[in-house]
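Okay, thanks everyone for coming.

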Amino acid sequence: MQKKPFYITTTLPYVNANPHVGFAFEVVMADVIARYKRGQGTRVFFNTGTDEHGQKIFQAAEKKEQSVQEYVDHYAGEFRKLKDLFGLSTSRFIRTTDADHIAAAQELWKRCEANGDIYKKKYKGLYCVADEMFLKESELVNGKCPNHPTMDPVEIEEENYFFKLSAYQDKLLIYLSRHGVILPEWRRIEAVKFVKGGLEDLPISRTKQRVPWGIPIVGDDTQVMYVWFDALTNYISTLGWPNENADFKKFWTDGEVVQCAGKDQVRFQSIIWQAMLMSGGVKNTDKVVYHGFINSGGQKMSKSIGNVLSPFDVIDLFKPYTELATDALRYYLLRHVNTFDDSDMTVETVKEAYQANLANGLGNLVSRIMTLSEKYGEPFVPKEAVPVFPIEMEMVAFDVQKAMNVIWNTIGELDAKIAEEKPFSVVKEDEALGKEMIASLVADLHFIASGLKPFLPETSEKILDLIVENKKPEVPLFRRLD
């Protein structure tokens, strides 16, 4: 039976700063899920890219005395580097300045308008420039945006187009009642509570005079599209929509659709975006998986505090000690960052995890087993039916941390088995029995390396190559830190 096609996407990071480990976690998590699904024989489309319109971008470019296009091209290039940095198995890197995306956003606007869900009116309200979002009084915390407590909201009065979000309250509650439509469950409860609190119509345009950098509104050259209405459309424009055949039909209409996002995105991804899809006559997302934030030293990462961790810098830290430096960071993000809750990460915690679990853990285990196999064993030939690592339950729940823990528990068990059975001593006293024990260890190591494929692809490939060649590593896979 042919498996249902699978579509997975990250959010699109806003290009007003270099990539940090928070988004790196999201894109690596999505990569693991995509690789795991492909390993099951599923056709997968994996989307990521950059969000490039809006007031923040325009202001940041002005501050740097650059053209806006030059500014977004630079930062889009920095995010594009993540593909090579992490070996991401992406199908497309979409930019919201791409011509096909602009056309798709304008088409979705026209369909929502034709459905009677877009109208124009004057509006006055408090606006968070960082979120590019108007705020209700009930959402303020000490008079500030809850996501940006150090910034004062700006009072703005202008005439904008509005989307009738209020008309979709009942339909959204029905959508949100579906089991598993949001993971983890408490985020679904959060979304339901927000909708039940009452939905207000959403301003979805800005005056061109105030925000000249945006997608034009067809038929009104005084307004540009609100950045969120524009950016959210990428999830379908990347598949060729509004052409409803080919990739869009295969992966969105007929496939399983999963979005990955940060916990602050619930309002946008599971409420606003779903209402836009309903209005435009497009199938809703099947699941949105929300992860927590990565903090550093007990504080939210912030450029002003100076505690932002760059994935490029962390990987550079390990390059003197291993050819698998990328996997050193992948390992930390996937096993030491909680999939759904906030986690703390510093250079020191990354070093400690590397030393304990890669240098002294997996790397040492590979050296011990393959040294014995090279000296006493025979080349390993896997059985025709290679056993599948037992992480299906964890991966169905998209809990990559729990899946990694299952693998690392098996690594620990194999280490303990060597310490208890002492094959290095047995083979000297009873060669036949010792060789049998060593062959069993190599088979176990092959099982672990196969299970690591979606998580640490380079490490997996390196271990499998050593097993096929029946030789020990020339240098440790993960050298101990100085």
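Let me start on the inside. Strand E5 gives the largest share of the lining of the largest cavity, namely three residues. Before I go on: this is a predicted model, so please keep that in mind throughout.

So, the largest cavity. Its volume is about 160 Å³, and 16 residues line it. Which residues lie nearest its centre? Those are Lys 136, Glu 200, Asp 201, Leu 202 and Arg 267. Besides E5, strand E8, residues 202-203, and H10 each put at least two residues into that lining. In total the structure holds three cavities of 30 Å³ or more.

Now on to an open site. The second largest pocket has a volume of about 520 Å³. Its lining has 22 residues, and nearest the centre you'll find Glu 139, Pro 146, Asn 147, Glu 190 and Phe 194. Which elements each supply at least two residues of that lining? Strand E5 (133-135), helix H6 (185-196) and H10 do.

Buried or exposed? Cys 145 is buried, because its relative accessible area is 2%, and the cut-off for buried is under 20%. To give you a sense of distance, take Thr 410: it is 265 residues from Cys 145 along the chain, and their C-alpha atoms are separated by 45 Å.

Next, the packing. The largest nonpolar core has 149 residues. Which residues have the most contacts inside it? Trp 252, Trp 408 and Phe 455. Let's zoom in on Phe 455. If we skip its neighbours within four places in sequence, it is in contact with Val 32, Arg 330, Leu 334, Ile 391, Met 395, Val 400, Ala 403, Met 404 and Ile 407. There's also a second, separate core of six residues, including Tyr 127, Val 129, Phe 134 and Phe 162.

Lys 121 is found in strand E4, residues 118-128, and is partly exposed, with a relative accessible area of 34%. Not counting residues up to four places away in sequence, Lys 121 touches Glu 158, Glu 159, Asn 160 and Phe 162. Asp 220, 99 residues from Lys 121 in sequence, is 14 Å from it in space, C-alpha to C-alpha.

On to the aromatics. How many aromatic pairs are there? The count comes to 17. One of them is Trp 228 with Phe 268, a stacked pair, 3.8 Å centre to centre with 10° between the planes. Trp 228 sits in helix H7 (residues 227-232) and Phe 268 in helix H10 (residues 266-280), so this pair ties together parts that are 40 residues apart in sequence. Both Trp 228 and Phe 268 are buried. Ring pairs also link Tyr 7, Phe 45, Phe 248, Phe 251 and Trp 252 into a cluster.

Where are the cis peptide bonds I'd point out? One runs from Leu 183 to Pro 184, with omega near -5°, and Pro 184 is in the loop between strand E7 (182-183) and H6. Another runs from Trp 241 to Pro 242, with omega near 20°. Pro 242 is in the loop between helix H8 (234-237) and helix H9 (246-253).

Then two residues other than glycine with a positive phi. For Glu 65, phi is near 55°. Glu 65 is in the loop between helix H2 (55-63) and helix H3 (68-86), and at 74% relative accessibility it counts as exposed. For Ala 246, phi is near 50°. Ala 246 is placed in helix H9, and with a relative accessible area of 56% it is exposed too.

Methods: Residues numbered from 1 in each chain as written. Predicted model: local features only at pLDDT ≥ 70, side-chain atom pairs only at ≥ 80, totals over all residues. Heavy atoms only, no water. Phe/Tyr/Trp six-rings, centres within 6.5 Å; stacked < 30°, edge-to-face > 60°. Helix = DSSP H or I, 4+ residues; strand = E, 2+ residues; numbered from the N terminus. Buried < 20%, exposed > 50% of the residue type's maximum accessible area, 1.4 Å probe, protein only. Core = buried A, V, L, I, M, F, W, Y, C linked by side-chain atoms within 4.5 Å. Contact = heavy atoms within 4.5 Å. 1 Å grid on protein atoms, 1.4 Å probe; cavity = no way out; pocket = protein on both sides within 12 Å on 5 of 7 lines; lining within 4 Å. Points joined across faces, edges and corners; volume = space filled by probe spheres on them.
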